Structures are given as structure tokens and as C-alpha cells.
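The stops below go from the whole chain to single residues.

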Amino acid sequence: FIDEMAHLAGQDPVAFRLNWLRGMPRHAEVLKLAADKAGWPGFVGGARPLPAGRARGVALHESFGSIVAQVVEVSLVNGLPRVHRVVVAADVGTVVNPGIVAQQMEGAVIFGLTAALHGRIDIVEGRVQQTNFPNHPLLSLAQSPEIETHLLPSSRPPGGVGEPGTPPIAPAVANALFVLTGRRYRELPLIGTAQGAPR
């Protein structure tokens, strides 16, 4: 929804968010870090050109005392979304073991991306139709994107790292799909709506 407002305002999605985060410096710094490391145009790291047919999407979320921003690179392969790269930036407070935090963020991205692309449950005559992995697929290793995690230094008490990396992935992918297709994707799974008519 933030991207929709940015689009209507004729503003860059990251710049639009930063304008509304003036009183929230932690959130703003996380978003800036993600944009910088992802090569978002206008940031210190400089614009990182995307291969033809790819688009970026961004999302920012706070939960369990942690703030996470994600920038994704997405293309359409045979009409279906393919996520190639996810840049995660996070302020999780004091970090005890950065390697574990990065692993948790990676797992959260894969879990959230699986839900965003495949997470469908159908009930027919009171019975769930998805009974196991053949009809409720998980993201495979071959389908998994490159994921990089960047942590903001902080002396605040530790926040959560197991779940906060999950919520931003679906909106970030949907925002990238809008750039690619000009259509808003408001229903999950995104693979199903990409094949149909998103609302």
C-alpha cells in the first residue's frame, strides 16, 4: 500500500518512505542500508544496473523489537515470478552471533517466499486438498534467491531474529511485480495470481 501511495504521488518508493520516517531514525537507517547495499538509484553505493527484464521491490517491517527492510530483484519466467536476489538489512538490537542472525534471516526469507509463491490451502467438502509436498511445494534450492544480510550496529537490547525477516518478502516481491507488469498483486500465492487476474 505504501508503494501504491508513492506511485500516485509520483515519487520513488524508497524516497517516499524516508520522507515519512523522519521521526523514526532506526527505521530510516535500516531502509537506507538495504537500498544502498541493493544498488538502489540515488544511494551511496551507486545505482547497480539490473539485467534486462528484472525489477526491484522494497518493503520495511517491524516486529519483535527488530526492524527489517528487504530489496528484491524479480523477473518473470514463462509468466511466473522468479526472485533472483534479496538484500536484507536489519536492526535487531545487540547482536550476539551475527552468523546465526544471518542464517535466521535467510531461513525467514525462504519460508516467506515459499508462502508468497506457493502458500495455498484449498478446502473441498470440508477436507484440505494439500496433503503433502507434491501438492503443497516448498521453495527448492534451485529456486532460492541469492540472499545477503546486513546488520545495523546497535546497543539496544536484542530483538527477535527468527520471524521478523518473513513479513517484508511478499510485499517486496509484489512491488517488484508491479514495476514489471503495471498490475497490483493483492492476493497470495503470487504464482496463482500471476497466472490469473490479480485484483
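Start with the contacts of the whole chain. Among contacts between residues at least 6 apart in sequence, 60% join residues at least 24 apart. Keep in mind throughout that this is a predicted model.

**Whole chain**

Colour by secondary structure. The chain has 6 helices and 6 strands, and their order along the sequence is α-α-α-β-β-β-α-β-β-β-α-α. The radius of gyration is 17 Å, close to the 16 Å that the globule rule gives for 199 residues, so the chain is as compact as a globular protein of that length. Along the principal axes, the C-alpha trace spans about 50 × 40 × 30 Å.

Of the 199 residues, 44% are buried. Then colour the charged side chains: 17 are positive and 15 are negative, and the centres of the two sets lie 4 Å apart.

**The cores**

Hide the surface and select Val72, Val86, Val173 and Leu190. These are the residues with the most contacts inside the largest nonpolar core, which has 28 residues. Which elements each supply at least two residues of this core? Select β2 (66–77), β3 (80–91), α4 (98–118), α5 (169–181) and α6 (190–195) to see them. The largest share, 7 residues, comes from α5.

Now select Leu18, Ala38, Trp40 and Ala69. They belong to a second, separate core of 19 residues. In soluble globular proteins, nonpolar side chains tend to be buried together.

**Valine 72**

Return to valine 72, which lies in strand β2. Is its side of the story buried or exposed? Valine 72 is buried, with a relative accessible area of 0%. Show its contacts, leaving aside neighbours within four places in sequence: Ala55, Arg56, Gly57, Val83, Arg85, Val86, Ile169, Ala172, Val173 and Ala176.

Alanine 38 is one of the residues of the second core.

**Threonine 114**

Move to helix α4 and select threonine 114. Its relative accessibility is 11%, and since buried means under 20%, threonine 114 counts as buried. Not counting residues up to four places away in sequence, threonine 114 touches Gly119, Pro137, Leu138 and Leu139.

**Glycine 93**

Follow the chain to the loop between β3 and α4, where glycine 93 is found. Glycine 93 counts as buried, at 1% relative accessibility. Which residues does glycine 93 touch, not counting those up to four places away in sequence? They are Arg26, Ser154, Arg156, Pro157 and Pro158.

**Backbone geometry**

The remaining stops concern backbone torsions. Select phenylalanine 64, in the loop between β1 (54–63) and β2. Phenylalanine 64 has a positive phi of about 55° although it is not a glycine. At 56% relative accessibility, phenylalanine 64 counts as exposed, the cut-off being over 50%.

Then go to the loop between β2 and β3 and pick asparagine 78. Here phi is near 55°, again a positive value in a residue other than glycine. Asparagine 78 is exposed, with a relative accessible area of 79%.

Finish in the loop between α5 and α6, at proline 189. What kind of peptide bond joins leucine 188 and proline 189? The bond is cis, with omega about 0°.

Terms used: Residues are numbered from 1 along each chain as its sequence is written. This is a predicted model: local features need pLDDT of at least 70, side-chain atom pairs count only at pLDDT 80 or more; totals for chains, interfaces and linings use all residues. Side-chain values use heavy atoms; hydrogens and water are left out. Helices (H or I, at least four residues) and strands (E, at least two) are DSSP runs, numbered from the N terminus. The radius of gyration is taken over C-alpha atoms; the globule rule is 2.2 Å times the number of residues to the power 0.38. Buried means under 20% relative accessible area, exposed over 50%, partly exposed in between (1.4 Å probe, protein chains only). Contact means heavy atoms within 4.5 Å. Lys and Arg count as positive and Asp and Glu as negative; His and the chain ends are not counted. The place of a charge is taken as NZ of Lys, CZ of Arg, CG of Asp or CD of Glu. A nonpolar core is a set of buried Ala, Val, Leu, Ile, Met, Phe, Trp, Tyr and Cys residues joined through side-chain atoms within 4.5 Å.
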